[in-house]
Amino acid sequence: AVVSTQSGHYGRDEKMESSVEIDAERLRTDLEKGKFDCLICKLKDDIIGFAIFVYTFDIEGGKKMYLEDLFVKEKYRRQGIGNKLWSALTNKCKEKGCSTMEFSVLNWNKNAIKFYLRHSCQDYTQAKDKLLFRFVTGNL
């Protein structure tokens, strides 16, 4: 269920329909193979929010968590669901011995930016003067 919710949420809520290249089956397979972890927030049988993340390594601080996506269905926003997911994520980060959690935020997503700033996150774009690059293996 989280798989179909995740693969479908961008087009409706985040203006990114054309950039979603992964389908629900691939997400399901990758989750089963342990390629990523997720936290799910449910109300009865309905998935109303989730977080997708992986563990990686940083030479500056060692093990870290990379948050790929934190999502709450629109009708459940501003009800504390995002805060609960965030709390579970930060607890998991500490439990697993991670020094940091990193993620990217779309610059037009002002609500998400405010959410992360309220949770003491630092914008590394300015603080560390870092740029984000991506290499797509299909370009080989």
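Guide: Before we start, two strands are said to pair if DSSP finds at least two bridges between them, and strands (E, at least two residues) and helices (H or I, at least four residues) are DSSP runs, numbered from the N terminus. This is a predicted model, in which local features need pLDDT of at least 70 and side-chain atom pairs count only at pLDDT 80 or more, while totals for chains, interfaces and linings use all residues. Residues are numbered from 1 along each chain as its sequence is written, and side-chain values use heavy atoms, with hydrogens and water left out.

Visitor: Which residue in the turn between β1 and β2 has a positive phi?

Guide: Strand β1 (residues 37-43) and strand β2 (residues 46-58) run antiparallel and are joined by seven bridges, with leucine 43 standing opposite aspartate 46 in β2. The two strands form a hairpin with two residues between them. The turn residue with a positive phi, of about 60°, is lysine 44.

Visitor: Which strands are the edge strands of the sheet?

Guide: The open sheet has four strands in the order β1-β2-β3-β4, with mixed pairing. An edge strand here pairs on one side only, and the strands that do so are β1 and β4.

Visitor: Why is the pair of tryptophan 86 and phenylalanine 103 called edge-to-face?

Guide: Rings of Phe, Tyr and Trp (its six-membered ring) pair if their centres lie within 6.5 Å, and planes under 30 degrees apart count as stacked, over 60 as edge-to-face and the rest as tilted. The structure holds seven aromatic pairs, and in this one the centres are 6.0 Å apart. The pair is edge-to-face because its planes stand at 85°.

Visitor: Is tryptophan 86 buried or exposed?

Guide: Buried means under 20% relative accessible area, exposed over 50%, and partly exposed in between (1.4 Å probe, protein chains only). Phenylalanine 103, at 22%, therefore counts as partly exposed. Tryptophan 86 has a relative accessible area of 8%, so the word for this residue is buried.
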